[in-house]
Amino acid sequence: PLAWRVMVSRGGLAALSGVLLALSFPRFDLAPLAFVALIPLLVGLDGVPALQGTYLGIIAGAVFSLMSIPWVVHTMTAYGGLPLPVGVLLLVVLSLYLGLYVGVFAFGVTRLSPEGGLGYLVGAATLWVGLEYLRTFLLTGFPWNLLGYTQYRSLSIIQVASITGVYGVSFLLVLVNAAVALACLHGRRSARQALMPVLGVGVLLIGTVVFGMGRRVSAEIPLREIRVSVVQGNIEQGIKWDPGFAGRTIAVYDRLTRRADREADLIVWPETAVPFFLREGGPLTRRVLDLAMEVQAPLLVGSPDRVSDASPRYYNSAFLISPAGEIVQKYDKIHLVPFGEYVPLSSLLFFVHKMAAGIGDFSAGEAFTVFETPKGRFGVLICFETIFPDQVRRYVLAGAD
């Protein structure tokens, strides 16, 4: 039937949008595609019922997610201990869940009239950004690949994030997509209607770039040179927690740290680089503390931590060791990885631990620790936390510079 063929062709447009979105991000890193990635979906949504539009949005979002987070399978099987079919199933389920956000976006777009011009553009961009914001918090949050992140190399464009955060960059990208889509839809009817939205958004885009260039030329914060050495031991996850291998792990980091920049103002080791409880002492702890004294630089190291009272609590932590060989500050990871570092709703999902022995049982930290060094004050984001814009903002408000 004709209706079915039309639906299939619109589904192809939606899938194309999903592919273009994925190509906009690393590893493909074709950032300019972000300015046109949503156009096939938006064109495909023209004149369709709301429910059908929702399906099209889910197709686009699911394709985008399947191409963006294939690492979920490896993580769940190699480190979570799950069978491969279960890992693949989790990838599909997570992709469909993330696709729902694009489905809701598509539903909303079908309720907007292309004849509305500016209202259509602003409505589509506002809806997309609102859903990105919701995805940052809903069900513990998973803001993986917010659209604005595609422009991380476009320094003049992303300066607007100093005012709006990444959401402002996403808003601008959706505006451009919607303007071009609107021009395509109106092109058959009115050249003037097709041209006006493109010109208006073009002026806004140019204004954003000009603002960014000016911001870069006259930075409000005086630039300071801070030399940081990042040491990556590359210890395989499968062996790093073997107590018999701990000494060899520290030997690797000792050797690499001694090869680091002798004038470094800070030397950084990765998350849980120290595969034992650093604060609980012992010969290996002493080696780490002595190393900071010998290189005469503050040393930031990742290590698990244990607090024992009525019942032990475990934290994924970062410790700052002074050049005097003393632990002076600690940060406990606040935003833990669900089903990786803890099980949400564990009383209901009690069976998950039995399925995957690799899931941790960490407690969340509570304080945004601002670390003090002679060259400045900084905050620490551990792994998963780096994708949450609000975590960075909280550190700035707390005094990190």
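A contact here means heavy atoms within 4.5 Å. With that in hand, take the fold as a whole. Among contacts in the chain with a separation of 6 or more, 67% join residues 24 or more positions apart.

Two notes on the source. This is a predicted model, where local features need pLDDT of at least 70, side-chain atom pairs count only at pLDDT 80 or more, and totals for chains, interfaces and linings use all residues. Residues are numbered from 1 along each chain as its sequence is written, and side-chain values use heavy atoms, with hydrogens and water left out.

Now the overall numbers. The chain has 15 helices and 7 strands. Helices (H or I, at least four residues) and strands (E, at least two) are DSSP runs, numbered from the N terminus. Along the principal axes, the C-alpha atoms fill a box of roughly 80 × 55 × 35 Å. There are 401 residues, and 45% of them count as buried. Buried means under 20% relative accessible area, exposed means over 50%, and partly exposed is in between, with a 1.4 Å probe and protein chains only. The accessible surface comes to about 20,400 Å². Carbon and sulfur atoms hold 66% of that surface. Those areas come from the Shrake-Rupley method with a 1.4 Å probe; for residues, only the protein chains shown count as cover.

On to helix α13. It runs over residues 283-295, 13 residues in total. The expected span is 1.5 Å times one less than the number of residues. For α13 that gives 18 Å, and the end C-alpha atoms are 18 Å apart, so the two agree.

Which residues of α13 are buried? They are T285, V288, L289, L291, A292 and V295. These residues cover an arc of only 150 degrees around the axis, so they sit on the same side of α13. The arc is taken from the directions from the helix axis to the C-beta atoms. The general rule: an α-helix has 3.6 residues a turn, so residues three or four places apart point the same way. What covers the buried residues of α13? The cover includes α12 (246-258) and the strands β2 (266-268), β3 (299-307), β4 (313-321) and β5 (327-332). After α13 comes Q296, with a positive phi, near 55 degrees.

Next, salt bridges. The structure holds 14 of them. The criterion is a side-chain nitrogen of Lys or Arg within 4 Å of a carboxyl oxygen of Asp or Glu.

Start in α12. R258 and D254 meet there through their side chains, at 2.6 Å, N to O. The two are 4 residues apart in helix α12, which means about one helical turn between them. R258 is partly exposed, at 33% relative accessible area. D254 counts as buried, at 15%.

Then the strands. D305 forms a salt bridge with R279, with the closest N and O atoms 3.0 Å apart. D305 lies in strand β3 and R279 in the loop between β2 and α13, so this pair ties together parts 26 residues apart in sequence. D305 is buried, with a relative accessible area of 0%. R279 is partly exposed, at 46%.

One more pair: D332 and K330, side chain to side chain, 2.9 Å, N to O. D332 is buried, at 16% relative accessible area. K330 is partly exposed, at 23%. Salt bridges with shared partners join R279, D305, K330 and D332 into one network.

Now two loop residues. Where is D261? In the loop between α12 and β2. D261 is partly exposed, at 29%. Not counting residues up to four places away in sequence, D261 touches R227 and S229. From D261 to V337 it is 76 residues in sequence and 33 Å in space, C-alpha to C-alpha.

E326 sits in the loop between β4 and β5. It is partly exposed, at 48%. Leaving aside neighbours within four places in sequence, E326 contacts L320 and I321. E326 and L195 are 131 residues apart along the chain, with 65 Å between their C-alpha atoms.

Last, the surface. L66, L84, V88, V92 and L96 make a nonpolar patch of about 400 Å². Patches take residues with over 30% relative accessible area and no salt bridge; like charges are joined within 9 Å, and nonpolar side chains (Val, Leu, Ile, Met, Phe, Trp, Tyr) within 5 Å. Which helix gives the most to the nonpolar patch? Helix α5 (residues 84-110), with 4 residues. L96 is found in α5, and L96 is partly exposed, at 45%.
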